[in-house]
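Please keep the sequence and the 3D view at hand while reading.

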Amino acid sequence: MSNVSPSGPPMASSPLTRAVLEIDEYASGLGWDQPARLFALVDTARLRAQEPALASQLGLGEDATAYTPIEQDKLPRGKALDEFLGTIAWPDAVAGCALTVERLMLPPSAEAQVPQGMSEKQLAAWVAAHPDRQEVRMTVAVLRNGAREAAIRLREKDSPTEVLTGPDLVPGLAEALAATFEG
């Protein structure tokens with residue numbers, strides 16, 4: 001990415017991209033080997049108008065981004081992420097949500113080597129032992145209106161200028177987050 005602000009994450013054109021990069025930068029400041037974190041995305045202007053004391057406490061001035069991420073309670077240990085997301089219902093004041101999670105990924109060149117017929121646990125162990133595995137932090141956000149954005153940061157290239165962004169980088173997780181607004 002070439003648009004880098006001197007004091008923060010890369011500059012982004014979309015308000016949702018800015019929110020994702022803000023969460024990515026926050027997660028980066030916590031270091032690696034962190035649990036998944038869930039955020040509500042609220043409309044900053046609406047928050048300033050309806051909750052001025054809270055907006056002031058959060059330091060949300062007129063120049064704040066369009067969406068303010070608000071970290072939610074810790075995710076329950078031992079519960080599968082998809083199961084947990086299936087239990088979430090957001091109030092109307094929440095414009096979107098985001099999740100940051102660390103995972104091991106294989107490059108496309110290694111996909112053909114994956115043995116068939118393994119359980120999820122066996123597959124995770126196989127990926128963890130693969131010499132080409134890469135640790136990544138994925139931040140995925142969705143809005144009620146269907147907009148999506150994601151940021152991926154490789155552990156080996158842990159720098160604000162080395163963050164890949166795009167709406168379709170983690171489609172399965174984006175679908176799971178979007179489902180929290182249905183029903």
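## Salt bridges between strands

Arg37 is buried, at a relative accessible area of 11%. The model is predicted. Where does the charge of Arg37 find a partner? Arg37 forms a salt bridge with Glu71, and the closest N and O atoms are 2.8 Å apart. Arg37 belongs to strand β1 and Glu71 to strand β2, so the bridge ties together parts 34 residues apart in sequence. Glu71 is partly exposed, with 30% relative accessibility.

Searching the whole structure gives 6 salt bridges. Another of them joins Arg155 and Glu135, at 2.8 Å from N to O. Glu135 sits in strand β4, and Arg155 in the loop between β5 and β6, so this pair ties together parts 20 residues apart in sequence. Arg155 is partly exposed, with a relative accessible area of 31%. Glu135 is also partly exposed, at 32%.

## A salt-bridge network

Asp158 and Arg153 meet through their side chains in a salt bridge of 2.7 Å, N to O. Is Arg153 buried or exposed? Arg153 counts as buried, at 2% relative accessibility. Asp158 counts as partly exposed, at 35%.

The pair belongs to a wider set. Asp24, Arg153 and Asp158 are linked in a network of salt bridges. Asp24 is one of the buried residues of helix α1.

## Helix α1

Helix α1 covers residues 15-30. It has 16 residues and reaches 23 Å from first C-alpha to last. That is close to the 22 Å expected at 1.5 Å a residue. At the start of α1, a side-chain oxygen of Ser14 comes within 3.1 Å of the backbone nitrogen of Leu16. Just after the helix, Gly31 has a positive phi of about 90 degrees.

Which residues of α1 are buried? They are Leu16, Thr17, Ala19, Val20, Leu21, Ile23, Asp24 and Ala27. An α-helix has 3.6 residues a turn, so residues three or four places apart point the same way. The cover over the buried residues of α1 includes β1, β2 (67-71), β3, β4 (134-143), β5 (148-154) and β6 (163-166).

## Aromatic pairs

How many aromatic pairs does a search of the whole structure find? It finds 2. Tyr26 and Phe39 form an edge-to-face pair, with 6.0 Å from centre to centre and 90 degrees between the planes. Tyr26 lies in α1 and Phe39 in strand β1 (residues 37-43), so the pair ties together parts 13 residues apart in sequence. Tyr26 is partly exposed, with a relative accessible area of 36%. Phe39 is buried, at 4%.

Trp90 and Phe181 have ring centres 6.2 Å apart and planes at 25 degrees, so they count as stacked. The cut-off for stacked is under 30 degrees. Trp90 lies in the loop between α4 (81-85) and β3 (94-105), while Phe181 lies in the segment after α7 (171-178), so the pair ties together parts 91 residues apart in sequence. Trp90 counts as buried, at 13% relative accessibility. Phe181 counts as buried too, at 17%.

## A charge over a ring

What sits over the ring of Trp32? The charged end of Arg137 does, 4.1 Å from the ring centre.

Note on methods. Residues numbered from 1 in each chain as written. Predicted model: local features only at pLDDT ≥ 70, side-chain atom pairs only at ≥ 80, totals over all residues. Heavy atoms only, no water. Phe/Tyr/Trp six-rings, centres within 6.5 Å; stacked < 30°, edge-to-face > 60°. Helix = DSSP H or I, 4+ residues; strand = E, 2+ residues; numbered from the N terminus. Buried < 20%, exposed > 50% of the residue type's maximum accessible area, 1.4 Å probe, protein only. Lys NZ or Arg CZ within 6 Å of the ring centre and 35° of its normal. Expected span 1.5 Å × (residues − 1). Contact = heavy atoms within 4.5 Å. Polar contact = N/O pair within 3.5 Å; in protein donor to acceptor, adjacent residues only side chain to side chain. Salt bridge = Lys/Arg side-chain N within 4 Å of Asp/Glu carboxyl O.
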